[in-house]
Amino acid sequence: MIKRDLYQDLKEHILKKEITFVAGPRQAGKTTLMLMLRDELLKEGKKVLYLNLDIEMDKQFFGTQLDLIKKIELEIGKQGYVFIDEIQRKNDAGVFLKGIYDQNLPYKFIVSGSGSVELKEKVHESLAGRKRIFELSTISFKEFLNYKTGYKYDEKIIDFFKLEKGKTLKFLEEYISFGGYPRVVLDETFKEKNSTINEIFQSYLEKDIYYLFKVQKSEIFINLIRVLASQIGKLVNYSELSNTIGINILTLKNYIWYLEKTFILKRVSPFYKNIRKEITKAPIFYFYDLGMRNFVLNVFGKSDSILDKGFLFQNFIFNILTERVKETSATINFWRTQDKAEVDFVLNYGNKYIPIEVKYSLSKKPVVPRSLLSFIKKYRPGQAFIINLEKNDILKIDNTEIIFMPFYDLYNNLYLS
């Protein structure tokens, strides 16, 4: 069993009336968390009903809202907890749940679903003010390392990072090669891991893309994923990409939208003071899971074959930053100029900006890139960061503190709050 950091948050939210909604990539571990919560409630003597819309016998109870309510009353009586797994299988799931919730019944609903248009868009809209969404991604590096070390350093993981630098870098290499799908992490051999990631990818195509979105030209869709995987952290020119893939720009944008809504890609927009410029400039994309990204490029688990580890490390840092700022007002952008100056990430809090440069290196000297200096000169931020493999240092340029920080300090650093 791999412990998930989100579990405690879910346990605490079970005490709230609003619907507890667990969303995330297919096979990221949502069902496992749901079953753990169910089992804990059962041990406490609570009345619990668990339904899974992937199971044919359970589907019959979702014909109407009355059908489901009668089933709940039959199984647990007048009060209890109702788990609904894979809710995206229900058409108009948001409206369906809203109708039940608004009856103010004495039941607590815990619901999960993979990324579909229904889940990501209509459910949000229909259940406004009636739910809290918890996003479960694949295993984070911190969760991965805790599992790999048998939870021996669970409460002292930051100390482990700092003292066991060699082991930390070895685990990092493994993580950015294989990614964080729980089943992949649990598999012991390369053959098993490769078979599992292939199964996950095929399941994604069949259950999300072909079934939910009726995408007809699967080869084109797969080619699009491959091209985007090959240019993580790089500007995406829609016209150029549509010519490369062989589809019109409207279809291309729809396909990319699908990839975002199904937890495969994350879009990052450029940083500008002028918002009109920001929304008309080319975005960049990163992958939710590095293993999936490597798989579509045929370098899954092949560390020596990964030629662009710098960009892969950049994707890795982006995922950590996303987790760090999700409870704040910050957005994550990148900075590019016509003069080719660039900064990998800018945390934009509205009234302050924190530029972050990422370096996949063990550099001994604190060298500040020219592009970062350009950003500092233009925007005069209080702090700027250079995230690397292990160097700690601080420089001062004018009124800006430039902090060289090992990647693992992102888990314990208060500057980014």
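This is a predicted model: local features need pLDDT of at least 70, side-chain atom pairs count only at pLDDT 80 or more; totals for chains, interfaces and linings use all residues.
In this briefing a residue is called buried when its relative accessible area is under 20%, exposed when it is over 50%, and partly exposed in between, with a 1.4 Å probe and protein chains only. Residues are numbered from 1 along each chain as its sequence is written, and side-chain values use heavy atoms, leaving out hydrogens and water. Helices (H or I, at least four residues) and strands (E, at least two) are DSSP runs, numbered from the N terminus.

**Helix α14 and what follows**

- Helix α14 covers residues 249-261, and its 13 residues should span 18 Å at 1.5 Å a residue, which agrees with the 18 Å between its end C-alpha atoms. The expected span is 1.5 Å times one less than the number of residues.
- N248 caps the N-terminal end of α14, with a side-chain oxygen 3.1 Å from the backbone nitrogen of L250. For such a polar contact, a pair of N or O atoms must lie within 3.5 Å; within protein, one must be able to donate a hydrogen and the other to accept it, and residues adjacent in sequence count only if both atoms are side-chain atoms.
- Just after α14, F263 takes a positive phi of about 60°.
- I264 is found in the loop between α14 and β6 (265-268), and it counts as buried because its relative accessible area is 6%.
- I386 is found in strand β11 (residues 383-388) and is buried, at 2% relative accessibility. From I386 to F263 the C-alpha distance is 28 Å, and the two are 123 residues apart in sequence.

**Aromatic pairs**

- The structure holds 37 aromatic pairs. Rings of Phe, Tyr and Trp (its six-membered ring) pair if their centres lie within 6.5 Å; planes under 30 degrees apart count as stacked, over 60 as edge-to-face and the rest as tilted.
- F178 and F300 make an edge-to-face pair, 5.2 Å centre to centre with 90° between the planes. F178 lies in helix α9 (residues 165-178) and F300 in the loop between α16 (290-296) and α17 (309-325), so this pair ties together parts that are 122 residues apart in sequence. Both F178 and F300 are buried.
- F316 and F407 also form an edge-to-face pair, at 5.7 Å centre to centre and 70° between the planes. Because F316 lies in helix α17 and F407 in the segment after β13 (400-406), the pair ties together parts that are 91 residues apart in sequence.
- F316 counts as buried at 2% relative accessibility, and F407 counts as buried at 0%.
- One aromatic cluster is formed by F141, F144, F161, F171, Y175, F313, F316, Y360, F407, Y408 and Y411.

**Charges over rings**

- K3 lies over the face of Y151, 4.6 Å from the ring centre, and K17 lies over the face of Y101, 5.7 Å from the ring centre. A charge sits over a ring if NZ of Lys or CZ of Arg is within 6 Å of the ring centre and within 35 degrees of the ring normal.

**Positive phi in loops**

- E86 has a positive phi near 60°, in a residue other than glycine. E86 lies in the loop between β3 (80-85) and α5 (93-101) and is buried, with a relative accessible area of 9%.
- N104 has a positive phi near 55° and lies in the loop between α5 and β4 (107-114). At 61% relative accessibility, N104 counts as exposed.

**Cavity and pocket**

- On a 1 Å grid over the protein atoms alone, a cavity is a set of points where a 1.4 Å probe fits but cannot get out, and a pocket is an open set with protein on both sides within 12 Å along at least five of seven lines; lining residues have an atom within 4 Å of a point. Grid points are joined across faces, edges and corners, and a volume is the space filled by probe spheres set on the points.
- The count comes to one cavity of 30 Å³ or more.
- The largest cavity has a volume of about 40 Å³, and its lining is made up of P25, R26, Y181, I200, Y204, T262, I264 and M292.
- The largest pocket holds about 1400 Å³ of space. Its lining has 42 residues, of which N319, T322, E323, R324 and K326 lie nearest its centre.
- The largest share of that pocket's lining, eight residues, comes from α17.
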